[in-house]
Amino acid sequence: MNKTSSSKGMSGNARIDLFVSLLLIAAAIALPFMIDSRYVLGQIVLALFYATIASQWNLLFGFAGVFSLAQMAMFAFGGYATAMICFYFGWNVWAALLPGALSAVVFSLVVGLACLRLTGVYVALLTLAIAQTMYLLIVTDTECFTMVGSICRQFTGGAVGFARFGDLGTRALLKGQWLVGNYAIIATLFAVTMVVTYIIVKSPIGLAFRALKDNPGYAVARGVNRFQAQLLVFGISAFFTGLAGGFYAAHFQAIGPGILSMSQLMFIIAITVVGGVGTFWGPLVGTIVLVAADELMREAGEFRTLGLGLIIALSILLMPKGLVGRLGDLLSWLRHRNRAAASAITFQEKPATTGK
């Protein structure tokens, strides 16, 4: 009985995910035809980057329980690696994207080997220290590595970063509509990332990730290797985050140490918390809410940060599971009420039996 009802619940959730996915695909296709403002479309592209990074931090922390604060470092490493390959070796951006993402994976494995034997807040502190060290190494890089014309360039680009190393090719191909082309590319990247994340979460390895988060002692007792599993999810998350970093650098044709700032990391974490940690659609919903709120408060000046902080605080206090978690609770309550009502009607209509 329990197995049947569980199966029905899973199929119901799958139907909801499929419906939401189809709705989002239709909206994504229609969006460029409905928006004339280049600024708004540019902000949507930026929001897709945020949603991609947040989805991978959610995979890492929300599903696997690894509280890493090096997510923007993975993003920056992939972006810098892509830019440096193009800048120093003259590669096309499309050819450099995969090596850039793989370099972020290698970096994540090095970080993971150093951090993942620890647990909880110690992982967070050590990964944050590594990210801040990376930022300081970049901004304090003043040694002349190569001459570009009469300009001396640092190996990491220093505080200036890299620019004009290539793009995604849409400017030459689509001319004035290049932003629409970039939007289509980044939207596809986000869609592929979400599909792969969904497959991982629903797979046996995804169940192992959840077990390690919810009850690590039981998971280890059942044969799950905590270190190997967490190192694996660390690498998977870094690949898509680093790939997004490469696309980010190519889209803006520039990358600098500013993306490693603490405010960027906190914004990604806030997106996940507001949307719902450990929920599949949480990062997307959180991105929509916070990016929209940020835009609406753009003219508020110094009160802009205060307003965002208030939204985050109210979300944590009133909706600890986030918007998607609260919506999931509401749907569960409605299903339970409908089942109870159906059972009551069936009981009332059942004919009485009399014995002879």
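Visitor: Which ring has Arg-171 over its face?
Guide: This is a predicted model, where local features need pLDDT of at least 70, side-chain atom pairs count only at pLDDT 80 or more, and totals for chains, interfaces and linings use all residues. Residues are numbered from 1 along each chain as its sequence is written, and side-chain values use heavy atoms, leaving out hydrogens and water. A charge sits over a ring if NZ of Lys or CZ of Arg is within 6 Å of the ring centre and within 35 degrees of the ring normal. At 3.7 Å from the ring centre, Arg-171 lies over the face of Trp-178.

Visitor: What is the angle between the planes of Tyr-88 and Phe-155?
Guide: Rings of Phe, Tyr and Trp (its six-membered ring) pair if their centres lie within 6.5 Å; planes under 30 degrees apart are stacked, over 60 edge-to-face, the rest tilted. The whole structure holds 19 aromatic pairs. Tyr-88 and Phe-155 are stacked, 5.9 Å centre to centre, with the planes at 15 degrees.

Visitor: Is Phe-155 buried, partly exposed or exposed?
Guide: Buried means under 20% relative accessible area, exposed over 50%, partly exposed in between (1.4 Å probe, protein chains only). Phe-155 has 41% relative accessibility, so Phe-155 counts as partly exposed.

Visitor: Which residue has Arg-117 over its ring face?
Guide: Arg-117 lies at 3.9 Å from the ring centre. The ring belongs to Phe-227.

Visitor: Which residues does the ring cluster link?
Guide: Ring pairs make the links. The cluster consists of Tyr-80, Phe-87, Tyr-88, Phe-145, Phe-155 and Phe-162.
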